[in-house]
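My notebook is open beside the viewer, and I am jotting down what I look up as I go. Follow along if you like.

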Amino acid sequence: MTSQRLLSDVVAALGYRDSTGYVERTHEPGSRDFIWRDLQEKCGIDSAYFQGAIPVVAFTAAESRSAALLTQRRLWNYGRVPVLLAATPNEVLALSCNTVATDQNAESALMGRAESGQELARVLRDFTRYSVETGRLTERHESRLDRRNRVDASLLRNLKQLKARLLRSGVTETEIEPLLGSSIFVRYLEDRDILRAEDLADLGQPGSLVSAFDSGWEVSASFFNAMADHFNGDVFQRTVSTGPIPQGALDVLSDFFRATDLESGQHSLWPYDFGIIPPELISSIYEQLLIEKQKTDAAYYTPRHVVDIVLDEVLTPETLVDGEEIRILDPACGSGIFLTEAFRRLVYYRSVGRERAPTFASLSRMLSESIFGIDRNDDAVGVTAFGLYLALLEHVDPRTIWLTARLPELIGTNLVVSDFFEDNRLANIKFDVIVGNPPWQSRLSKASSEYLRRAGRVAPDKQIAVAFVWRATEMLTDTGFIGFVLPAKTILHNRVGPADRFRLEFFSKLDVHTVIDLSPLRKELFGAASSPAAIVIFSHDTRTPVSSDTLLHVSPRRTPISQIVDGIVIPQHNIQQISRSVAAQDPSIWKTLLWGNTDDVALVRHMRETFMSLTDTVERRKWHRGAGYQLVGGDENDASHLVDLPQIATADFRPMALPVKTSAPVTARVMHRPRDTEIYSGPHILMRKGFKDFPEASFIPFDAAFTDGLFAIAAGPDDKQLLQAIAGVLNSSVARYWFLMTASSWGVEREQLHYREWMSLPVPALHREDARALAEIVQNSLAGAPEESWRSRLDEIVERAYGLTEPERQLLRDALTIRWSELHQGWRSEAYSPPDNVHYARYAESLSHQLELLELGQWKCSMTERSAGFVMLTCENRESAISASQDDGAFSVTQLLGDISQTHNEWLSTATIIEPQAVVLDGVSVHLIKPDRLTCWPMSATKRDAADVFGALLTGDVEDRGRVDDA
């Protein structure tokens, strides 16, 4: 059997052939063409399976195992496709492209193997389309698909070692960036076959870069100078070093480019292929070279797929194919990944479909006319120029590059070393698109501070990214777009006064189109940066009466497939439309939308408007409240009133229980902030700032001191019972739900509640019987009663006190189980597991009930199909079903998913996978189709599903269920 025939059998047997995500040379790739062409040209594959426009599985027909492994190596260098299915005449290999493999060590990447003649679907069942889409592949082959083995991670580790060894060999910090940049650029020229040994001989130079290194610094310097003379541009700097580079350092560079793993010292048998080096690896180089400057400049590497999401939103094909000049600016360009990718897209869309490929001259002109960047760090600007030159040259024939290409000078013209807020060469130009990841730091530069003063604006917590927002708006054309990666806490979640005021002004004065809250992906995206991010797309407010009155809020999740692909995954129910007027009037909705939906927004609003906050309750009863003491901090205040008080250490604090022990009494007579005596007097409620799973509070009957890791509410002995009751409320599921939906840090950055967030809880007026019952529960718990003995009774009393309806109680339960599991357990969460048939039967029964509440007659809902990772529930009106004629044919999940895929294919992001769901009207029946995961079928969703069914029946279409309106 030929390898092509065997590959065709594999594609069909594993379920890829009929998928709309499958692309091969004879197919029209549609919106995947940008990635597909790049994959073909650089890696030579035969076909690929995409989810959305993200390549997940590559396919190749190879004449031998060695040829298959060569394709795997290219894909490993490409760093974007996690799986390769390679067919030879005798076997099929399932290879991870997130792991290095060689002829001598193919097993390191081998995940599966089938011989020709075996039952492919059975032997390779881990690699079916169903297995890929549902996450089974991720679970079964987690170690080999680990992204920490990918090319970017490997190169980062080696560059870190390389930098350390160069420093030990006598190279200075200032010499490293230009030396490495020039070296990698030469290696790129060699890997692209632009720079040949005979060309170098004509210049009187050694036959390769490593030969120059082996010959010493004088020869190496001559080599770089020859490159500078030949290519011009800003890469080859004649002042690479103020003095000779030691031979030991040149030997280190030679080892690196000869493919020695600098971490292990072992030769890897094949080098990095810089001819297909992804642009974001340049950013990785920058991140590692300038790691000490990150803290002062707040510069962090931006992952490629985050860049792609931003560019997908602001650089549409319609914009890029237009013949008019377009100017694109990154005002804090860092390593230049936004500009590099923007230029690559600009070239693609202005050349695809044309008979003639663009000339080097036209490409250079496009670069000089369209791409601009500013950064205060000259090393960053140098790396940006490097990345743009790579993007420029990858579209030109190798011999043309050598014979005629002269790189345009960018630094000082297109790329400016300057503070964005200072007067510079680009300061008075208007731009059509402004993109980037501005620095995040609570420290304004002198120029930014002066700008804010002149503009009459305030940056909450002195967050400089806010200053970038307002200044960028001033530099935008009337019809332009801005796409920024911004600190999510400042933009969306912090609830202090200045942050709320900024948020209201931002959403009222500008036309915000899309908010993508990346907080659930904080640890995966930015590594060293601990702060969560949000992508915000906005423009000038040029809305007219016919403009859209909504904006999109998007919240991705850490699903199983997200762990292996170069992109983010968005369940469709996490794409919600928000009324612009609500966004401009209510600064609190964004946290609720992150882990909830429109029903949660309504419930939170109801609680806030109906009940008095804990702060107001305490103030009205003239109780005492506050944080514990701070021992040091600069001030010296009298703390003698705390001396001899026993102490409760934060680590010994327990919810609904007495502390493990009390510590030695206070001895310090002077403290930074000792706080008032009253909060340390029992009885009091103590509330912990940081926690592991859920917020923790406890009633403490005795006097005790504590640090500011604990907060207190204290009352007199006469209010002891009410204080105990409120302690019960603070530990209830209702309180947990409130804090999950409103707190600025829990679920965004870390597990903690600030004092003001504890005090924000709406507290119902408790009837005497309820207060007594709650106090009794608290007393029993303090006496050692286990939680399972009192939890359900406590929650029942509290939910009744709040007047929660059964749908609201179900909403609360789902939030504290399914959504909490997504937050704390990530892709291993039970939320991504398929429910059992009993759950679907309960869901169908509840959905029938919800439809009947809408007075739509008698309905029967049932699960009618469960296949391909999806479930279909069908709703039939009993009266209509009796009189309806027999259906000519049954719908199937496969058919319906094909229709959904065609709809989604009209616009595909190169960096997002949207997990589809649909409501389909079929005569007298309505079908609901969603992924077979618990997170898509929470019991609280039946009310919203019923509304969708009603909308389908009423209009023949589906009403937009994910919308937050004013009411």
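Before anything else, a working definition: I call a residue buried under 20% relative accessible area, exposed over 50% and partly exposed in between, using a 1.4 Å probe and protein chains only. The model is predicted, so I keep local features at pLDDT of at least 70 and side-chain atom pairs at pLDDT 80 or more, while totals for chains, interfaces and linings use all residues. Residues are numbered from 1 along each chain as its sequence is written, and side-chain values use heavy atoms, with hydrogens and water left out.

**Entry 1: a covered helix**

My helices (H or I, at least four residues) and strands (E, at least two) are DSSP runs, numbered from the N terminus. I looked up helix H31, residues 733–742, and found 10 of its 10 residues buried. Among them are Arg-736, Tyr-737, Trp-738 and Phe-739.

**Entry 2: strand E14 and its partners**

I count two strands as paired if DSSP finds at least two bridges between them. Strand E14 covers residues 550–554, and four of its five residues are buried. With strand E12 (residues 510–517), E14 pairs in the parallel sense over three bridges. There I noted Ile-516 opposite Val-554 of E14. With strand E16 (residues 575–579), E14 runs antiparallel, and five bridges join the two. On that side Leu-551 stands opposite Ile-578 in E16. A reminder to myself: strands of a sheet pair through backbone hydrogen bonds, either parallel or antiparallel.

**Entry 3: a four-stranded sheet**

Next I traced an open sheet of four strands, in the order E25-E26-E29-E28, with antiparallel pairing.

E28 and strand E29 (residues 925–931) pair antiparallel over five bridges, and Val-919 sits opposite Leu-928 in E29.

Helix H36 (residues 837–853) touches E25, strand E26 (870–877) and E29, and its direction makes about 145° with that of E25. Helix H39 (residues 942–955) touches E25, E28 and E29, and its direction makes about 135° with that of E29.

**Entry 4: Tyr-840**

I then zoomed in on Tyr-840, which belongs to helix H36. Is Tyr-840 buried or exposed? Tyr-840 is buried, because its relative accessible area is 1%. Leaving out residues up to four places away in sequence, I found Tyr-840 touching Pro-835, Met-863, Arg-866, Val-871, Leu-873, Asp-932, Arg-933 and Trp-937. The C-alpha atoms of Tyr-840 and Met-863 are 6.8 Å apart, though 23 residues separate them along the chain.

Most residues other than glycine have a negative phi, and most peptide bonds are trans. I went looking for departures.

- Gly-682 and Pro-683 are joined by a cis peptide bond, with omega about 0°. Pro-683 lies in the loop between strand E20 (670–671) and strand E21 (684–688).
- Asp-461 has a positive phi, near 55°, and lies in the loop between helix H21 (446–455) and helix H22 (464–474). At a relative accessible area of 59%, Asp-461 is exposed.
- Ala-868 also has a positive phi, near 55°, and sits in the loop between E25 and E26. Ala-868 counts as partly exposed, at 35% relative accessibility.

**Entry 5: the second largest cavity**

For cavities I work on a 1 Å grid over the protein atoms alone: a cavity is a set of points where a 1.4 Å probe fits but cannot get out, and lining residues have an atom within 4 Å of a point. Points are joined across faces, edges and corners, and a volume is the space filled by probe spheres set on them.

By this rule I get 11 cavities of 30 Å³ or more. H35 gives the most, with five residues.

For classes, I count Ala, Val, Leu, Ile, Met, Phe, Trp, Tyr, Cys and Pro as nonpolar, Asp, Glu, Lys and Arg as charged, and the others, Gly among them, as polar. On that basis the lining of the second largest cavity has nine nonpolar, eight polar and eight charged residues.

Conventions. On a 1 Å grid over the protein atoms alone, a cavity is a set of points where a 1.4 Å probe fits but cannot get out, and a pocket is an open set with protein on both sides within 12 Å along at least five of seven lines; lining residues have an atom within 4 Å of a point. Contact means heavy atoms within 4.5 Å. Axes are lines fitted to C-alpha atoms, for helices over the stretch in contact, and angles run from 0 to 180 degrees between N-to-C directions.
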